[in-house]
Amino acid sequence: MADGATPRGKSVPDWLNSPIWKVVDLAELRRLACQGVPDAAGLRPVVWKLLLGYLPTDRALWPYELEKKRSQYSAFKDELLVNPSEVTRRMEEMTVSKREKHDAEGTGVLPRAEIVRDEHPLSLGKTSVWNQYFQESEIIEQIDRDVKRTHPEMQFFNGNTSDSLSNHESLKRILTIFAKLNPGIRYVQGMNEVLAPLFYVFKNDSDVNHAASAEADAFFCFVELLSGFRDNFCKQLDNSVVGIRSTITRLSQLLKRHDEELWRHLEVVTKVNPQFYAFRWITLLLTQEFKFSDCLHLWDTLLGDPEGPQATLLRICCAMLILVRRRLLAGDFTANLKLLQSYPPTNIDHLLHIANKLRGPLPY
């Protein structure tokens with residue numbers, strides 16, 4: 001172990017809050033995170049940022065990296081969230097500035113008025129900021145509708161306080177910027193649910209300075225997390241070897257490997273197509289199947305497991321099926337579909353214990 005690296009045999013709080021360590025042993029952090037990150041304020045935000053690669057392992061680099069990323073996000077907001085009227089105004093100011101400079105040079109030539117082409121609301125030009133604005137408005141409206149539905153039971157997301165409304169706006173900005181920076185995917189319904197745990201954790205950081213920058217931090221961590229699952233959101237890839245249907249097929253094969261009796265009853269006897277329940281499980285990273293607090297504990301393992309989020313997610317999904325096998329084996333199509341589309345409350349530690357026993361190469 002390098003000088004100043006995280007010591008083995010310690011819990012997450014033991015070394016995370018210690019000023020003596022300089023370099024994080026990422027492998028050790030993953031091992032500890034899989035055992036569960038304590039809910040003590042300030043721990044989960046930094047652990048998740050490390051696991052997602054947002055923070056470097058060298059602690060000395062944190063201030064520089066955070067400042068760089070947060071400044072970059074501020075630039076994204078200035079560039080991508082500006083109203084077309086403001087864009088036109090800025091272009092007109094540049095034109096006036098050029099004209100004044102021209103006049104100051106005293107050439108004696110009357111300058112021809114420079115008209116900003118295609119930059120008016122009725123323009124149909126492909127490069128027009130107004131045309132792009134109207135095309136994007138439908139996506140922005142969808143984002144707004146979905147954000148309003150994000151965990152309606154939680155005051156944090158859907159209360160009437162100024163903080164709740166501010167959180168609502170932060171989610172909208174993150175998803176809008178992501179959609180504009182990723183035209184191949186743009187925004188897909190459900191992304192708001194994947195973003196919610198990240199923003200919630202970072203906004204509740206005990207360090208007020210970090211909490212104030214939760215929006216920027218959540219954006220980059222959201223991008224990093226989705227990079228491993230982006231193919232599940234790309235409709236053009238649905239039927240490819242990397243698309244969502246292929247992922248669901250791998251889950252089916254994983255269940256068949258570990259519990260063929262249950263697999264046969266579900267898919268052959270009762271004919272429950274795994275797409276009927278697993279599509280939501282996988283695309284939303286289980287955020288809709290458990291209480292929000294339980295979801296955070298699941299994500300500790302999802303982000304920390306050395307096998308990676310995709311393989312870990314499939315093992316957890318398979319474990320969910322095995323955990324209710326007795327009820328599934330006794331059920332028909334209707335009963336089983338209802339059970340899996342409304343998964344019962346369960347002990348998360350026990351679920352993760354079962355998932356851990358399913359380790360091994362994924363079927364392809």
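This is a predicted model: local features need pLDDT of at least 70, side-chain atom pairs count only at pLDDT 80 or more; totals for chains, interfaces and linings use all residues.

Colleague: Let us begin with H4. How many residues does H4 have, and how far does it reach?

Modeller: Helix H4 covers residues 62–80, which is 19 residues. From its first C-alpha to its last it reaches 27 Å, close to the 27 Å expected at 1.5 Å a residue.

Colleague: Which residues of H4 are buried?

Modeller: Trp62, Glu65, Leu66, Arg70, Tyr73, Phe76 and Leu80 are buried. Seen down the axis of H4, the buried residues fall within an arc of 120 degrees, so they line one face of the helix.

Colleague: And which residues are exposed on the other side of H4?

Modeller: Pro63, Tyr64, Glu67 and Glu79 are exposed there.

Colleague: What do the buried residues of H4 pack against?

Modeller: They pack against four helices: H3 (43–51), H8 (162–181), H10 (208–212) and H11 (214–227).

Colleague: A change of topic, then. How many cavities of 30 Å³ or more does the structure hold?

Modeller: The structure holds 1 cavity of 30 Å³ or more. The largest cavity has a volume of about 40 Å³.

Colleague: Which residues line the largest cavity?

Modeller: The lining consists of Phe229, Asn232, Thr247, Arg250, Ile282, Gln310 and Leu313. By class, 3 of the lining residues are nonpolar, 3 are polar and 1 is charged.

Key:
Residues are numbered from 1 along each chain as its sequence is written. Side-chain values use heavy atoms; hydrogens and water are left out. Helices (H or I, at least four residues) and strands (E, at least two) are DSSP runs, numbered from the N terminus. The expected span of a helix is 1.5 Å times one less than its number of residues. Buried means under 20% relative accessible area, exposed over 50%, partly exposed in between (1.4 Å probe, protein chains only). The arc is that of the directions from the helix axis to the C-beta atoms. Contact means heavy atoms within 4.5 Å. On a 1 Å grid over the protein atoms alone, a cavity is a set of points where a 1.4 Å probe fits but cannot get out, and a pocket is an open set with protein on both sides within 12 Å along at least five of seven lines; lining residues have an atom within 4 Å of a point. Grid points are joined across faces, edges and corners, and a volume is the space filled by probe spheres set on the points. Ala, Val, Leu, Ile, Met, Phe, Trp, Tyr, Cys and Pro count as nonpolar, Asp, Glu, Lys and Arg as charged, and the others, Gly among them, as polar.
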